[in-house]
Amino acid sequence: MTTVRATPAHPIPGLSAADTQSADQRAIPPELGPNSLAVLSGPTFMYSNACGDVPTGSIGGLVHLDTRLISGWSLTINGSALLVLRAKTIEHYSAQYVLTNPELPGLPPNTLGLRRLRYVGDGFHERVELVSYRLEPIRVELRLAVAADFADLFEVKSRVRDRSAEISRDHAADGSELCFSYQRGDFSAQTRVCCAKPADRIEGDDLVWELELGPREEWHVDLDVPLPSGMGVVEPVRGDIADVIHGRADDPLRRWVEDRAVLRSDNAALERTARQSRNDLAALRLDLEVKGQRIMLPGAGLPWFLAVFGRDTLITAYQTLVAGPALAKGALLALARLQGDTCDDFTDEEPGKILHEVRSGELTRSGEKPFGPYYGSADATQLWLILLSEYWRWTGDDETVRHLRDNAMAALRWIDEYGDRDGDGYVEYATRSPEGLGNQCWRDSPDGVCFADGRMPVLPLATCDLQGYTYDAKLRLAELFDGPLDNRTLARRLRDEANTLYERFNHDFWIEERGGYYAVALDGDKNRVDSKTSNMGHLLWSGIVPPERADAVVRQLMSPDMFSGWGIRTLSREERLYNALGYHLGTVWPHDNSIAALGLARYGYRAESNQISLAMIEAADQFGYRLPEALSGFDRERLLFAVPFPTACSPQAWAAGTPLALIRAMLGVNPVDGRLVLDPDVPQELGRITAERVRAFGQQWELEATGRSGHVRLSQGEGGSRVGRLSRAPTGNGPQ
């Protein structure tokens with residue numbers, strides 16, 4: 001009898017796909033249309049079609065803390081859907097929909113002007129406005145059909161369990177409120193729809209107003225859905241809906257944005273992309289309290305990932321350090337608080353391990369899903385150490401580093417004792433949970449790591465990026481133990497371990513064939529998983545590539561089979577499973593490319609790094625200056641314009657952080673000995689770049705660069721001018 005072995009596609013032999021968390025993950029269906037809109041604030045969003053409606057059975061709705069409080073929200077006039085004239089988000093938390101009526105019995109088209117104004121703040125708020133342009137009085141029925149299914153967000157993107165038998169209704173007899181309540185075990189949720197002008201009647205779950213309007217008569221109603229507090233809820237905007245829409249209400253976002261760095265450029269696309277990134281990062285903020293201290297950190301992305309993540313949050317915080325240290329500090333403190341301290345097969349928790357993600361919906365709280373939190377990430381622990389080091393390099397904050405000493409030691413122990421599952425010196429992964437992820441590197445789809453011929457590798461897997469991160473983390477931790485953590489013996493040991501890993505990795509992962517490149521992984525039998533992937537860019541970022549091999553790696557990454565014209569593909573076109581629309585099988589991920597750009601710059605390949613940066617900026621220009629989570633891998637010369645990945649999150653945190661990382665690569669800006677230094681190589685297409693209010697070492701700095709010249713100085717009032725430049729050797733501490 002043949003033994004079935006675990007692979008990332010089937011990590012728990014004997015369990016069918018239907019029994020695992022990855023079953024039936026449907027793509028975004030067409031019912032919301034290509035012009036769907038979302039308003040969001042922290043862990044709350046309302047996702048609708050261009051009319052502002054949420055059709056029942058769609059992925060749309062009002063989701064708060066991973067629970068869908070509204071699953072249907074459709075407005076009709078005389079039983080007919082409305083026509084869209086234009087709909088647009090105003091801020092990330094607000095939107096406006098301008099509508100009119102179709103041709104109806106007794107009501108010619110374009111007789112009514114309708115406007116829906118909405119925002120998410122301390123609740124979900126919507127105002128519906130009507131004006132009649134009929135020359136004589138008219139009677140119309142305005143109906144809002146509401147539904148609440150209380151689905152867990154995991155179900156929204158797969159199959160929603162029917163909870164109707166457990167949902168009770170207590171609608172107000174006077175038409176002023178709809179109230180839905182759900183209780184199952186210890187989990188409960190409630191949705192209240194409050195009407196400032198009571199409906200004339202309630203039919204089922206529909207609010208119905210019978211309106212009589214004279215010529216040019218206006219009418220409106222305000223609708224409010226209160227939201228409960230919880231982890232991640234940010235300080236909300238509050239006020240009259242019109243005041244919020246027109247920017248007259250007090251907005252905590254403005255105060256947050258005003259404290260961030262400001263970039264200007266001769267290139268309008270770069271400047272607007274940087275501004276959009278700043279706004280998107282503000283939109284994705286989560287507000288947490290850690291040991292009495294209020295901190296901010298970025299959630300991963302809309303719609304599926306508005307939650308605390310490990311890998312995504314850490315990389316985003318790294319990308320954005322050039323704009324200020326607040327998100328990095330928040331990420332470090334929050335993830336340290338939730339660091340693993342025991343072994344738990346269901347959640348993949350181990351002592352010292354940094355989590356993968358945290359959820360708060362019913363399936364997590366009832367124990368059906370392992371996300372409270374889930375630890376299935378083999379790279380977040382190393383990335384936490386890397387961010388700790390980079391935060392210290394930018395701030396000199398010895399106190400926070402010392403405060404996190406025990407967490408750093410626990411993370412180091414996890415790498416050596418749990419991450420290295422078989423004692424071979426490499427960090428490997430394999431889930432122990434029936435609900436766990438088969439791949440636990442950034443390529444975390446079931447087929448994200450594969451052989452060139454399409455075969456799935458057997459677990460456990462030691463992917464190349466994990467080893468690069470481990471190498472970098474140990475060198476950085478050695479620097480901290482030489483400095484604020486004051487243990488030179490341990491620092492020497494860590495450097496010795498990093499050097500040993502460097503030598504072994506470059507022997508075991510290097511493949512001489514096909515022009516020379518690094519295997520994406522070693523499988524459970526220590527076979528090289530031989531597909532060419534973008535993970536080689538991560539190796540440059542970590543510094544684990546010997547200088548004599550850098551040319552070969554760069555040639556692979558920038559070859560036509562890997563570089564689409566918009567960026568580096570996740571998988572080379574040479575490989576059997578290549579798919580321009582495959583999640584990790586040929587798509588182009590902005591964050592992945594930003595890491596490669598930093599790596600290329602580190603090794604002195606500035607022209608290639610700039611080629612990636614320009615391609616990303618040009619792609620952002622095609623999407624309203626907002627980079628989506630991923631682009632399809634179609635060849636640029638063939639299609640002429642960029643195509644998003646079909647189910648890409650937008651906004652998405654590490655895509656929003658990408659422009660800042662690219663700017664860092666172009667400016668060559670780095671913290672060195674308590675000052676900022678520049679080694680710029682700004683493409684001619686971008687002209688001059690300036691940055692103000694750049695925070696480092698508790699001070700604000702101003703940067704300016706054109707071509708290969710530039711300067712950095714302390715802002716006025718910050719103690720005068722200190723100017724620095726840095727010339728780097730190819731493998732020195734360049735922008736990482």
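Are Phe 305 and Phe 309 buried or exposed? Phe 305 is buried, and Phe 309 is buried too, where buried means under 20% relative accessible area, exposed means over 50%, and partly exposed falls in between (1.4 Å probe, protein chains only). The structure is a predicted model, in which local features need pLDDT of at least 70 and side-chain atom pairs count only at pLDDT 80 or more, while totals for chains, interfaces and linings use all residues. Residues are numbered from 1 along each chain as its sequence is written, and side-chain values use heavy atoms, with hydrogens and water left out.

Here is the overall picture. The protein chain holds 19 helices and 30 strands; these are DSSP runs numbered from the N terminus, helices being H or I with at least four residues and strands being E with at least two. The C-alpha trace spans about 85 × 75 × 55 Å along its principal axes. For 736 residues, a compact globule would have a radius of gyration near 27 Å, and the chain agrees with its own 27 Å. That radius is taken over C-alpha atoms, and the globule rule is 2.2 Å times the number of residues to the power 0.38. Buried residues account for 63% of the 736. The accessible surface comes to about 27,000 Å², with 47% of it belonging to carbon and sulfur atoms; areas come from the Shrake-Rupley method with a 1.4 Å probe, and for residues only the protein chains shown count as cover. Among contacts between residues at least 6 apart in sequence, 64% join residues at least 24 apart, a contact being heavy atoms within 4.5 Å.

Next come the strands around E17. Strand E17 (residues 218-226) runs antiparallel to strand E10 (residues 123-132), and 9 bridges join the two. Two strands pair if DSSP finds at least two bridges between them.

Now for the backbone. Most residues other than glycine have a negative phi, and most peptide bonds are trans. The bond from Leu 302 to Pro 303 is cis, with omega near 5°, and Pro 303 sits in the loop between strand E20 (293-298) and helix H5 (311-319). Another cis bond runs from Gly 372 to Pro 373, with omega near -5°; Pro 373 belongs to the loop between helix H7 (362-365) and helix H8 (380-395). As for phi, Asp 66 has a positive value near 70°. Asp 66 is found in the loop between strands E3 (61-64) and E4 (67-70), and counts as buried at 6% relative accessibility. Lys 526 also has a positive phi, near 65°, in the loop between strands E24 (521-522) and E25 (528-529). Lys 526 is partly exposed, though, with a relative accessible area of 37%.

The whole structure has 19 aromatic pairs. Phe 305 and Phe 309 form an edge-to-face pair, because their ring centres are 5.5 Å apart and their planes meet at 90°. Rings of Phe, Tyr and Trp (its six-membered ring) pair if their centres lie within 6.5 Å, with planes under 30 degrees apart counted as stacked, over 60 as edge-to-face and the rest as tilted. Elsewhere, ring pairs link Tyr 426, Phe 505, Phe 509, Trp 510 and Tyr 518 into a cluster. Tyr 426 also has the charged end of Arg 504 over its ring, 4.7 Å from the centre. Arg 455 does likewise with Phe 451, its charged end sitting over the ring 4.0 Å from the centre. A charge sits over a ring if NZ of Lys or CZ of Arg is within 6 Å of the ring centre and within 35 degrees of the ring normal.

Arg 260 is buried, with a relative accessible area of 10%. Leaving aside residues up to four places away in sequence, Arg 260 touches Arg 278, Ala 323, Ala 326 and Arg 693. Arg 143, 117 residues away along the chain, has its C-alpha atom 44 Å from that of Arg 260.
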